[in-house]
Amino acid sequence: MTQHSYSNSPVRWFARAALLGAALWTPLHAAEAQPRADDSQARRAVAFNFRGMVNDAPFNCATTFAGVGRSRANVRISDFRMYVHDVTLVDASGARVPVTLDVAEPWQDGQVAMLDFEDATGACSNGTPDVRHQLSGTIPESAQGSWQRLEFTLGVPFERNHGDPTVQPSPLSQTRLFWSWNAGYKFMRVDMRATPADSATAAPKSWVIHLGSTGCTPSGGASVVPTTCANPNRARIALDAINPLRDTITVDLGALLADSDLLVNTEKTAAGCMSAGTDPDCGPLFGSLGLVHPSGPETPAQKLFRVQRRDVTSGSGSAPH
Amino acid sequence: MHTPARWFSVVAVCVLACGVLAFAPHNEWTWSLPAGFPEPKVPAGNPMSAAKVELGRHLFYDARMSVTGRFSCASCHKQELAFSDGLARSVGATGELHPRSSMSLANIAYSPALTWANPTQRDLERQATVPMFGEDPIELGLSGRERELFAIVSADPQYRALFARAFPGESGVVNLSTITRAIGAFQRSLISGNSPYDRYKSGARNAISASAVRGEALFFDEKTECFHCHGGFTFTGTVDHVGKGFPEVEFHNTGLYNVDGKGGYPAPNTGVHEVSEDPDDMGRFKAPTLRNIAVTAPYMHDGSIATLDEVLDHYAAGGRTVKSGPNAGVGAENPYKSEFLKGFTLTAREKSDLIAFLRSLTDSTFLTDTRYANPWPATHAARGNAPPRGIR
């Protein structure tokens, strides 16, 4: 059966598969990517650099970080990824300049970007070896960059979030970020195991962050995708007083979790926070993402991202810009 | 591509196995539908073909489709149990206990809403990504392992042939889209409509017992209201097909629980509420098909009722009372309960008549049809008999 119906060598077969993949890739991008404001206009490249941290220590998959969260737990982290879109620079006069994200396979598809801090080593064995600490894109050459603010949205745009995961291109093809039971994607994924600081023998407790849209339902019987989500849970991040092309943006899980207790999980809820509105463990976490949650603070303010200024002349303080 | 001799052998096998499909080329499909069954709706992006169904069958039964190499779709969807698994709650590849019970896949092609209580799950292709990649709970455990999966499938010479035939316009490419489309096509082919009751309705007056005939009358009576949620040729209110105009999707609270006196169901099985977070959706679940119901015990979304006899007790009481423990409560007083759960009384004979009717819905040909059976040779790695390995 195999001989008569398929005579090509495996190599040729793989090559054809790859070619087809490439052929499928392009039209998807053409359809999904944000249109460039003006293709005739000269554009200049910009890039924004991120750095994963846990309080004062650089993130990695091997370290057990001490003093995390309200109970100052010891924490091993086995995943640390997120999606970002809708990047905007604001100049000194308040003018907003949208950044067109590059197509940079596999991290960016022109509209959605993934930041990936895990490298598949240590505790992160379910991850991917490659990391991505940068957003890259372009702005009009004419934009005069004296910037006061960088904005972006943590999450996946609505149409893409509910697009068919079996055909979406990377970075939306990474199954570790699929959130199919909610017909969408995890906007951010941080998997952790926590132990009390004063016990070397206590069994680690799982505490995971799966951020995504919840309460999603189709509005009509014939609809195949959600048309509304009661809780979109996309966090708009605004970083002021930044020289975005020079400063590094710290992504600090220690700050994010400062108000959460990683040694406690409310009974009959997901381990940690999987974004349920009914899960009290999500309250402090959502607060630190700047998101409203029934169990969270009334005036949430994001703490995950902050600007780490880099003074090119003295190495201390912050240069005006 | 095909020599005459080869083609003849394919046709010959198909004559034995495929009935009316015998003369359909592998890139075509002819539905072989029981009397009274309309044509299923098929997504535009995944037309049926005999080759695609055959590929999907291989994938459905392939134990390499899991993190352990020993677990497949069929581990929780066994043909002899109408593609359910006989457990109160299913167990995934890594041993994790699922919150819910495996559902029968019989006539799933007609279901516009999939799984127990998730209004966002509308087509089989996308739904397949839940058991494949879901992590809460882990079912097949493939999250983050898609490249390994594609490599295993691509390396199997049999799959090379199957993919080439199933997806000739796409050069037989192995990716998540072709894999899920093939599995979806196979699932749509799982048509069950040859029960004794079907033969009875087609004129074979002796196909079911006199008791079952009396049970039929009770089933379709306003006294029991069974048919309101389990009506139509699929015996479920959630149904769609060609010519229907619009799909019907129904979820009902049947008063199984009332843990807080306010209608609460035990987490995480709060029904549609788990997805929608709408308080009014508390405890709303899809009415499963009653076809083959006698072989799909235990019952309810969490397998919490062992027998059909006890299921009838629950409905007769207009809801279940759990006397003690964390789930204690009077389900009959659940404020979200369906209006059709009004309770009724049955004599012992009426009860056995109803059960005789439900048993007459078992389609033994469906449970043994070789078209739906495991296609892999007993010694093949796809059987999952090899030492533990697979996608790690």
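Cys216(A) sits in strand β16 (residues 214-217) of chain A and Cys229(A) in strand β17 (residues 228-231) of chain A, so the pair ties together parts that are 13 residues apart in sequence. Strands here are DSSP runs of E with at least two residues, helices are runs of H or I with at least four residues, and both are numbered from the N terminus. The two sulfur atoms are 2.1 Å apart, and a pair of cysteine sulfur atoms within 2.5 Å is what counts as a disulfide. Cys216(A) and Cys229(A) are both buried (under 20% relative accessible area; exposed is over 50% and partly exposed is in between, with a 1.4 Å probe and protein chains only).

Please keep in mind that this is a predicted model, in which local features need pLDDT of at least 70 and side-chain atom pairs count only at pLDDT 80 or more, while totals for chains, interfaces and linings use all residues. Residues are numbered from 1 along each chain as its sequence is written, chains are lettered from A and ligands numbered from 1 in the order in which they are written, and side-chain values use heavy atoms, with hydrogens and water left out.

**The other cysteines**

How many disulfides are there over all chains? The count is three. Cys61(A) and Cys124(A) form one of them, with sulfur atoms 2.1 Å apart, and a torsion of -95 degrees makes this link left-handed. Cys61(A) belongs to the loop between β2 (57-58) and β3 (64-68) of chain A, and Cys124(A) to the loop between β9 (112-116) and β10 (134-140) of chain A, so the bond ties together parts that are 63 residues apart in sequence.

Cys273(A) pairs with Cys282(A), again as a disulfide with the sulfur atoms 2.1 Å apart. Its S-S torsion is 105 degrees, and the link is right-handed. Counting bonded cysteines along chain A, the pattern is 1-2, 3-4, 5-6.

In chain B, the cysteine sulfur closest to that of Cys76(B) is in Cys73(B), 9.2 Å away and too far for a bond. Cys226(B) is likewise in no disulfide, with the sulfur of Cys229(B) the nearest at 9.2 Å.

| Cysteine | Relative accessible area | Class |
|---|---|---|
| Cys61(A) | 2% | buried |
| Cys124(A) | 0% | buried |
| Cys273(A) | 1% | buried |
| Cys282(A) | 0% | buried |
| Cys76(B) | 15% | buried |
| Cys226(B) | 17% | buried |

**Chain B as a whole**

Chain B contains 15 helices and two strands. Its radius of gyration, taken over C-alpha atoms, is 22 Å. Along the principal axes, its C-alpha atoms fill a box of roughly 65 × 50 × 40 Å. Of the 392 residues, 58% are buried. Contact means heavy atoms within 4.5 Å; among contacts in chain B between residues at least 6 apart in sequence, 66% join residues at least 24 apart.

Is α2(B) enclosed or open? Nine of its eleven residues are buried, so the helix is largely enclosed by the rest of the structure. Among the buried ones are Val53(B), Gly56(B), Arg57(B) and Phe60(B). The cover over the buried residues includes α3 (73-76), α6 (146-155), α7 and α8 (176-188) of chain B.

Helix α2 (residues 50-60) and helix α7 (residues 157-166) of chain B pack at about 145 degrees, with axes 8 Å apart. These axes are lines fitted to C-alpha atoms over the stretch in contact, and angles run from 0 to 180 degrees between N-to-C directions. The crossing of α2(B) and α7(B) is left-handed, which is the term for a near helix turned anticlockwise from the far one by less than a right angle, with clockwise being right-handed. From α2(B), Ala51(B), Lys52(B), Glu54(B), Leu55(B), His58(B) and Leu59(B) take part; they meet Gln158(B), Tyr159(B), Leu162(B), Phe163(B), Arg165(B) and Ala166(B) of α7(B). By class, this contact between α2(B) and α7(B) has seven nonpolar, two polar and three charged residues (Ala, Val, Leu, Ile, Met, Phe, Trp, Tyr, Cys and Pro count as nonpolar, Asp, Glu, Lys and Arg as charged, and the others, Gly among them, as polar).

**A buried threonine**

Thr254(B) lies in the loop between α11 (226-229) and α12 (272-276) of chain B. With 15% relative accessibility, Thr254(B) is buried. Leaving aside residues up to four places away in sequence, Thr254(B) touches Tyr265(B), Gly283(B), His314(B), Tyr315(B), Gly319(B), Lys337(B) and Leu341(B).

Notes. The radius of gyration is taken over C-alpha atoms; the globule rule is 2.2 Å times the number of residues to the power 0.38.
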